[in-house]
Amino acid sequence: MSQEESRKAFAEARKYLPGGVNSPVRAFRAVGGDPVFVRRGEGAWIEDIDGNRYIDYVCAWGPLILGHAPAAVLQSVRERLLSGTSFGIPTEIETALAKKVVSCVESMDQVRFVNSGTEAVMSAIRLARGFTGRSKVVKFSGCYHGHSDALLVKAGSGAATFGTPDSAGVPEAFARETVLLPFNDLRAVDRAMDELGKDVAALILEPVVGNMGVVPPAEGFLQGLRETTLRNGSLLVFDEVMTGFRLGPGGAQGLYRVFPDLTCLGKVVGGGMPVGAFGGRREIMRLLSPEGPVYQAGTLSGNPLAMQAGLATLTEIDKPGFFAFLNRTTQDLVNGLASEARRAGFRVQVQCVGSMFTLFFNPDPVTDFESADRSDRGLFARFHQGMLARGVYWPPSQLEACFVSSAHQEAEIGRTIEAARQVFETMA
Ligand code: PMP
């Protein structure tokens, strides 16, 4: 398969864009080779500018739960586009999406829309600090919460992959307000809370981690965090940018029945358009400007095209049987991959929750960043290259989640497992 046009496009892009990309993991540094440039997408498939087709397990890094270019979303966005692209004046579609979001996510009475997951988390943390009058934030190694200053500390996939877990340009004083703990270790949380006590404004986590690969919470972990934060008067913040509307209409909190004070959303809620959101109980949300003293704003926030794409997407996933089908498809894929890997003699962990999964080249279960970091990145790079050459687009880093969409059908799953069988065979 020739990727000559992509190679040329990348060389041209590098002249004008640092590293040739607008977000680092796209550059393929962790797996070698040049990135492919995409021309179009349809359903489970993408096509690069050389005309090669791939089954896509990145799905825009999570948003495209219906696959590429779903008719229902395109049609409604096309109609809305004819009325104009942005106003900065209230529109009814904002309320319509807000209503849908709070009806699905149990702990949210109100929501504010922003333009990215980073913005959602950054604003939720400011709100938590404003509400509690405290400054420290507890986060977990390997959880990624966007690239805002205070949260870019041991932040999983992108940063960890490049061996620079902390970014240059983040003042130490900011990072000092962030307390780092190992994921799934309730005792460490209790010790830290005892020590820091009344300084902790918020404890934030991905309730199911996707950013060190997929790592589910240990039995009782989320419940334990809920109890500790209630005792301490700190807010519990679930970053459901990845898991929201992905693990079910109610996100991870709906699945595990543990409810945070604030929830951050992104990805699926925007149906492939730039949307983030955060929300929670009314008594907290009323502190936001213009009702309260916590300032937050955005020229393009609640953009009507983005709201429309989100609403069309959430309407589709709310249909009966949607998640049962999606999760069953994912389970078939995951089972197939695991058995092919083992047949070829590889010791792997295929960790899956709902329609997110990671194939770790790791002999032991991955429960936190330390164990994720022991995965064999060299083997993963070979796997990635082999899959790409056979028409399967895998996320270009070992510590990422793969996403399955409702457009992935039996035929795509079968082809993926067959491609993996061949790749494992060549690697063995
Ligand atoms: N939180 C989580 C859990 C995420 O996965 C991401 C993005 N991968 C973000 C926050 C940041 O979102 P964005 O890239 O839209 O700024």
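The model is predicted, so to speak of local features pLDDT must be at least 70, side-chain atom pairs count only at pLDDT 80 or more, and totals for chains, interfaces and linings use all residues.
- A side-chain N or O atom of Lys267 sits 3.0 Å from a ligand nitrogen, and a side-chain N or O atom of Asn211 is 3.0 Å from a ligand oxygen.
- Tyr144 takes part through its backbone, with a polar atom 3.3 Å from a nitrogen of the ligand.

**Two domains and their interface**
- An automatic or database assignment sets the domain bounds, giving domain 1 (4–69 + 320–427) and domain 2 (71–317).
- Their C-alpha centres are 25 Å apart.
- In contact (heavy atoms within 4.5 Å) are 34 residues of domain 1 and 38 residues of domain 2.
- The domains bury about 2700 Å² between them, with carbon and sulfur atoms giving 70%; this is the accessible area (1.4 Å probe) that the two parts lose on being put together, summed over both.
- On the domain 1 side, Val353, Met356 and Phe369 lose the most area to domain 2, together 22% of what that side buries.
- The interface has zero salt bridges by the rule, which asks for a side-chain nitrogen of Lys or Arg within 4 Å of a carboxyl oxygen of Asp or Glu.
- Nine residue pairs are in polar contact between the domains, both residues at pLDDT 80 or more.
- Helix 12 (322–343), strand 11 (349–353), strand 12 (356–360) and helix 13 (369–373) each supply at least two residues to the domain 1 side, and strand 12 gives the most, with four residues.
- Helices (H or I, at least four residues) and strands (E, at least two) are DSSP runs, numbered from the N terminus.
- That side of domain 1 is made up of 23 nonpolar, seven polar and four charged residues, where Ala, Val, Leu, Ile, Met, Phe, Trp, Tyr, Cys and Pro count as nonpolar, Asp, Glu, Lys and Arg as charged, and the others, Gly among them, as polar.

**Salt bridges**
- The structure holds 20 salt bridges, including one between the side chains of Arg257 and Glu106 (2.7 Å, N to O).
- This pair joins distant parts of the chain, 151 residues apart: Arg257 is in the loop between helix 9 (251–256) and strand 9 (262–265), and Glu106 is in the loop between helix 3 (92–104) and strand 4 (110–114).

**Backbone details**
- The peptide bond from Ser289 to Pro290 is cis, with omega near 15°, and Pro290 lies in the loop between helix 10 (282–285) and helix 11 (304–317).
- Ala60 is not a glycine, yet has a positive phi of about 60°; Ala60 belongs to the loop between strand 3 (53–56) and helix 2 (71–81).

Terms used:
Residues are numbered from 1 along each chain as its sequence is written. Side-chain values use heavy atoms; hydrogens and water are left out. A polar contact is a pair of N or O atoms within 3.5 Å; within protein, one must be able to donate a hydrogen and the other to accept it, and residues adjacent in sequence count only if both atoms are side-chain atoms.
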